[in-house]
Amino acid sequence: MTIAESDGTRLAYIAEVTEGTTPATPAFQTLRYVSESLTAAKNSLQSNEIRSDKNLADIIAAGESVSGGIDGEFSYGTFDDFLEAAMRGTWSTDVLTNGTDRKSFTIEKTFDFGSASFGYVRYRGCFINGVTIDMQPRAPIGVSFDILGMGSDVAAAAIISGATYTAATTEEVMPSGTYIGTITASGLTLPAIKSMNLQINSQNREQLQIGSDDLAGVALGQFTVSGTLGLYFDSIDEYNAIKNHTSVAISVPLGSVTSEKYTLSIPVAKLMSGDPISGGNGNDVAFDVDFMGQYDSGIGGTVQITRAVA
């Protein structure tokens, strides 16, 4: 017997036409990833039935909760489908604005047991509940997707009849150095930036039902965009923008290859909090500036992603 290994595990997905139902003869897209934590956690209950011998009468299966995450390193084109689902929008002439579209996936894990023996675990009705793009010095640009699903299948020893698998993308991983352009916040001259993360949250929730272990559906919650800028402290402008609750437009360019770049734009953002901290000897004075986006009538949303930027 060969024990399945993480680096021999394939992760693949396909968009669903009917939420919670895997398409027939699916054409799966193989996904590049660093780690994953998708689970179908079984909800078990203990019977409260009284027994004179003081024993537990029964342990009851009460449905399951599909959730977890997929972590990756940002590369051009690799995560466009998941970004679209997280934004609840649709790419239109390479522009994506958040909206209220519903997009779900079947996600499949393939485990290799050796000797041409495999195990397939499939999660259905998977919605992208949130995404974090993390930019740290001397590191790849990280991307993490939070997932909420409707149900899962019994593990199988074979692919779905007629299923095919498209190879993963091959574009290079974007590092945090030259692949991040000049980050701007209108009206401010930002100092050198230590780090940045951007969080898109859908705040979805489970819709429970009787008669099935699957969810009845996934409800879309309030859409929010927030993040943190790690700034060196070289002027009072950013601090006063926080104190004055000033609106700024934030723009984040990602990529260095012509026509393989993204621009992330938040037209109206508030700097929420942040105080310069001196620390101790040998430290730079720096501060984390938390920000949050709000609706902008100009784009009809809160955040916009443009791809194929020259």
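Me: Before we start, what does buried mean here?
Reply: Buried means under 20% relative accessible area. Keep in mind that this is a predicted model.

Me: Fine. F82 and F105, buried or exposed?
Reply: F82 is buried, and F105 is buried as well.

Me: Which elements hold Y76 and Y262, and how do those two rings sit?
Reply: Y76 and Y262 make a tilted aromatic pair, with 4.9 Å from centre to centre and 40 degrees between the planes. Y76 is in the loop between β5 (59-73) and α1 (80-87), while Y262 is in strand β18, so the pair ties together parts that are 186 residues apart in sequence.

Me: Why do Y76 and Y262 count as buried?
Reply: The limit is under 20% relative accessible area. Y76 has a relative accessible area of 14%, so Y76 is buried. Y262 is at 1%, so Y262 is buried too.

Me: Back to F82 and F105. What is their geometry as a pair?
Reply: F82 and F105 are tilted, at 5.0 Å centre to centre with 55 degrees between the planes. F82 belongs to helix α1 and F105 to strand β7 (residues 105-114), so to speak of distant parts: the pair links positions 23 residues apart.

Me: Which residues form one aromatic cluster with F82?
Reply: Y13, F79, F105 and F145 are in one aromatic cluster with F82.

Me: How many aromatic pairs turn up in the whole structure?
Reply: A search of the whole structure finds ten aromatic pairs.

Me: Where does R10 lie, and where R307?
Reply: R10 lies over the face of Y165, at 3.7 Å from the ring centre. R307 lies over the face of W91, at 4.2 Å from the ring centre.

Me: You mentioned α1. How many of its residues are buried?
Reply: Seven of the eight residues of α1 are buried, and the helix is mostly covered. The buried ones are D80, F82, L83, E84, A85, A86 and M87.

Me: What comes just after α1?
Reply: R88 does, with a positive phi of about 55 degrees.

Me: Which strands supply the lining of the largest pocket?
Reply: β12 (184-185) and β13 (193-201) each supply at least two residues. The largest share, four residues, is from β13.

Me: And by class, what is in the lining of the largest pocket?
Reply: Eleven nonpolar, seven polar and one charged residues.

Me: What about the second largest pocket?
Reply: The second largest pocket holds about 170 Å³ of space. Its lining has 13 residues, with A62, G63, E64, L208 and D213 nearest its centre. β5 gives the largest share, four residues. By class, the lining of the second largest pocket has three nonpolar, six polar and four charged residues.

Me: Let's look at single residues. Where is T263, and what does it touch?
Reply: T263 is in strand β18. Not counting residues up to four places away in sequence, T263 touches S251, V252, P253, Q304, I305, T306 and V309. T263 has a relative accessible area of 18%, so T263 is buried.

Me: And G255, where does that one lie?
Reply: G255 lies in the loop between β17 (247-254) and β18 (261-273). Its relative accessibility is 12%, so G255 counts as buried.

Me: What is G255 in contact with?
Reply: Setting aside neighbours within four places in sequence, G255 is in contact with M174, Y179, E260 and K261. The C-alpha atoms of G255 and A308 are separated by 9.8 Å, and these two residues are 53 residues apart along the chain.

Me: Last one. S297, buried or exposed?
Reply: S297 is exposed, because its relative accessible area is 61% and exposed means over 50%. S297 lies in the loop between β19 (286-293) and β20 (304-309). The C-alpha atoms of S297 and P267 are separated by 9.5 Å, with the two residues 30 residues apart along the chain.

Conventions: Residues are numbered from 1 along each chain as its sequence is written. This is a predicted model: local features need pLDDT of at least 70, side-chain atom pairs count only at pLDDT 80 or more; totals for chains, interfaces and linings use all residues. Side-chain values use heavy atoms; hydrogens and water are left out. Buried means under 20% relative accessible area, exposed over 50%, partly exposed in between (1.4 Å probe, protein chains only). Contact means heavy atoms within 4.5 Å. Rings of Phe, Tyr and Trp (its six-membered ring) pair if their centres lie within 6.5 Å; planes under 30 degrees apart count as stacked, over 60 as edge-to-face and the rest as tilted. A charge sits over a ring if NZ of Lys or CZ of Arg is within 6 Å of the ring centre and within 35 degrees of the ring normal. Ala, Val, Leu, Ile, Met, Phe, Trp, Tyr, Cys and Pro count as nonpolar, Asp, Glu, Lys and Arg as charged, and the others, Gly among them, as polar. On a 1 Å grid over the protein atoms alone, a cavity is a set of points where a 1.4 Å probe fits but cannot get out, and a pocket is an open set with protein on both sides within 12 Å along at least five of seven lines; lining residues have an atom within 4 Å of a point. Grid points are joined across faces, edges and corners, and a volume is the space filled by probe spheres set on the points.
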